[in-house]
Amino acid sequence: MEFKNYIRDIPDFPEPGILFKDITPLLQDKKAFNEAANALLQMVGDRRIDKVVGMESRGFFFGPVMATRLHAGFVPVRKAGKLPAAKISRSYNLEYGSDALEMHEDSILAGERVLIHDDVLATGGTANAVCHLVESLGGEVVQCNFLIELDFLGGKDKLNGYELKSLLHY
């Protein structure tokens, strides 16, 4: 399936100069959505995964689907102030600003094998921050897995040392 046919470009969103890759057409098409989930899972192969970590908010679309199919737990990573229990935090830079991410401190156990998933790898700041959160709790990052990689932004450079797989490249 040609997944790029289901990705819509939105110019100047969320601010001028940004070309946003909108995945909602892919999510709305039941066949494309299912096949994209299958393709993301194929990138994991037969590795044992204990937890899938998905970043707010678009990492929540495929992350739980993959966790279910991998017989793994799902861990949401949220923006600061959104999680109710004891948490750990990490600041990071975005393509168009900076922010902080949080994860419950009991969400990853020492030695657990973790798949990190997000919809888009841009500058790599978000994924790098999540890798550090997982490792600070004793988890092992098995793979960083993305629907889309924006190659021209060089995000993979911030994930040097981690296995990285992306379904689509722009």
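Student: Which share of the contacts with a separation of 6 or more joins residues 24 or more positions apart?

Tutor: A contact means heavy atoms within 4.5 Å. In the protein chain, residues 24 or more positions apart account for 60% of the contacts with a separation of 6 or more. Please note that this is a predicted model, in which local features need pLDDT of at least 70 and side-chain atom pairs count only at pLDDT 80 or more, while totals for chains, interfaces and linings use all residues. Residues are numbered from 1 along each chain as its sequence is written, and side-chain values use heavy atoms, with hydrogens and water left out.

Student: How many helices and strands does the protein chain have, and in what order do the elements run?

Tutor: Helices (H or I, at least four residues) and strands (E, at least two) are DSSP runs, numbered from the N terminus. The protein chain holds 4 helices and 9 strands. Their order from the N terminus is β-β-α-α-β-α-β-β-β-β-α-β-β. The radius of gyration of the protein chain is 15 Å, close to the 15 Å given by the globule rule for 170 residues, so the chain is as compact as a globular protein of that length. That radius is taken over C-alpha atoms, and the rule is 2.2 Å times the number of residues to the power 0.38. Along the principal axes, the C-alpha atoms fill a box of roughly 40 × 35 × 30 Å.

Student: What percentage of the residues counts as buried?

Tutor: Buried means under 20% relative accessible area, exposed over 50%, and partly exposed in between (1.4 Å probe, protein chains only). Of the 170 residues of the protein chain, 49% are buried.

Student: Is Asn128 buried or exposed, and which residues does Asn128 touch?

Tutor: Asn128 belongs to helix 4 (residues 125–136). Asn128 counts as buried because its relative accessibility is 18%. Leaving aside residues up to four places away in sequence, Asn128 touches Arg90, Lys158 and Leu159. Of these, Lys158 is 30 residues from Asn128 in sequence, yet their C-alpha atoms are 6.3 Å apart in space.

Student: What joins the side chains of Ser166 and Glu149?

Tutor: A polar contact is a pair of N or O atoms within 3.5 Å; within protein, one must be able to donate a hydrogen and the other to accept it, and residues adjacent in sequence count only if both atoms are side-chain atoms. The side chains of Ser166 and Glu149 form such a contact at 2.8 Å. Ser166 lies in strand 9 (residues 164–169) and, at 12% relative accessibility, is buried. Beyond residues up to four places away in sequence, Ser166 touches Met43, Phe146 and Glu149.

Student: Where are the cis peptide bonds that involve Pro14 and Ser57?

Tutor: The angle to read is omega. For the cis bond joining Phe13 and Pro14, omega is about 5°; Pro14 sits in the loop between strand 1 (8–11) and strand 2 (19–22). For the cis bond joining Glu56 and Ser57, omega is about -5°, and Ser57 is in the loop between strand 3 (51–55) and helix 3 (59–69).

Student: What is phi for Asp12 and for His71?

Tutor: Asp12, a residue other than glycine, has a positive phi near 60° and lies in the loop between strand 1 and strand 2. His71, also not a glycine, has a positive phi of about 55°. The loop between helix 3 and strand 4 (73–79) contains His71, which counts as exposed because its relative accessibility is 76%.
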